[in-house]
Amino acid sequence: MIAMRIVAQRVSQARVEVDGREIARIGHGLLLLVGIEKGDGEKEISFMADKAVHLRIFADGEGRMNLDVQDVGGEILSVSQFTLAARNKKGRRPDFTNAEEPARAQELYSRFNSLLTAAVPVATGEFGAMMAVHSVNDGPVTIILEKTASEIEDS
């Protein structure tokens with residue numbers, strides 16, 4: 001079973017709008033689309049926050065992806081996205097039964113953002129809202145972060 005899933009995009013800028021008004025904006029950094037699944041808890045949240053903050057996808061002086069968001073003085077825009085918990089092995093309609101219940105997901109998402117904030121400046125989307133997410137993907141570089149619960153325990 002897959003635990004929490006994140007789509008991380010290296011961006012030159014990103015912003016979120018709700019009802020046509022901008023609620024968050026970052027410059028150079030990471031856009032994180034965050035999916036929390038049933039069974040996720042403090043262990044998964046801590047593991048994934050650490051993984052995102054230390055993900056070395058920014059270029060060093062030689063153009064190699066060797067630096068993390070802290071190294072480059074970047075920011076993070078974290079956006080909750082329950083659709084990342086979708087399963088689509090059969091049929092054509094995604095199955096969202098693995099997505100965590102909204103109250104618990106919001107609690108875990110808030111905790112995740114608190115952990116990120118301890119390391120870098122963080123802006124967030126609005127949990128549960130219909131959002132327009134705008135980003136300028138830098139590279140483009142897009143990485144999917146996911147581990148099974150047992151892999152998290154073993155690390």
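In which helix is the place of Glu 44? Glu 44 sits in helix H1, which covers residues 42-53. The model is a predicted one.

## Glu 44

Glu 44 is buried but has no salt bridge. The nearest side chain of opposite charge belongs to Lys 43, 5.9 Å away, and a salt bridge needs the nitrogen and the carboxyl oxygen within 4 Å. A polar atom of the Glu 44 side chain does lie 2.7 Å from the backbone nitrogen of Gly 41.

## Salt bridges

The whole structure contains 11 salt bridges. One of them joins Glu 37 and Arg 5, with 3.9 Å between the closest N and O atoms. Glu 37 is in the loop between S3 and H1 and Arg 5 is in strand S1 (residues 2-18), so this pair ties together parts 32 residues apart in sequence. Glu 37 and Arg 5 are both buried. They also belong to a network of salt bridges that includes Arg 87 and Glu 146.

Arg 10 pairs with Asp 138 in a salt bridge at 3.4 Å, linking strand S1 to strand S8 across 128 residues. Arg 10 is buried, at 11% relative accessibility, whereas Asp 138 is partly exposed, at 26%.

Arg 111 and Glu 42 form a salt bridge of 3.0 Å, N to O. Because Arg 111 lies in helix H2 and Glu 42 in helix H1, the pair ties together parts 69 residues apart in sequence.

## Largest pocket

The largest pocket has a volume of about 440 Å³. Its lining has 23 residues, with Ser 80, Gln 81, Phe 82, Thr 83 and Met 131 nearest the centre. The lining divides into 15 nonpolar, 7 polar and 1 charged. S3 gives the most to this lining, with 4 residues.

How values were computed: Residues numbered from 1 in each chain as written. Predicted model: local features only at pLDDT ≥ 70, side-chain atom pairs only at ≥ 80, totals over all residues. Heavy atoms only, no water. 1 Å grid on protein atoms, 1.4 Å probe; cavity = no way out; pocket = protein on both sides within 12 Å on 5 of 7 lines; lining within 4 Å. Points joined across faces, edges and corners; volume = space filled by probe spheres on them. Helix = DSSP H or I, 4+ residues; strand = E, 2+ residues; numbered from the N terminus. Nonpolar A, V, L, I, M, F, W, Y, C, P; charged D, E, K, R; others polar. Buried < 20%, exposed > 50% of the residue type's maximum accessible area, 1.4 Å probe, protein only. Lys, Arg positive; Asp, Glu negative; His and termini not counted. Polar contact = N/O pair within 3.5 Å; in protein donor to acceptor, adjacent residues only side chain to side chain.
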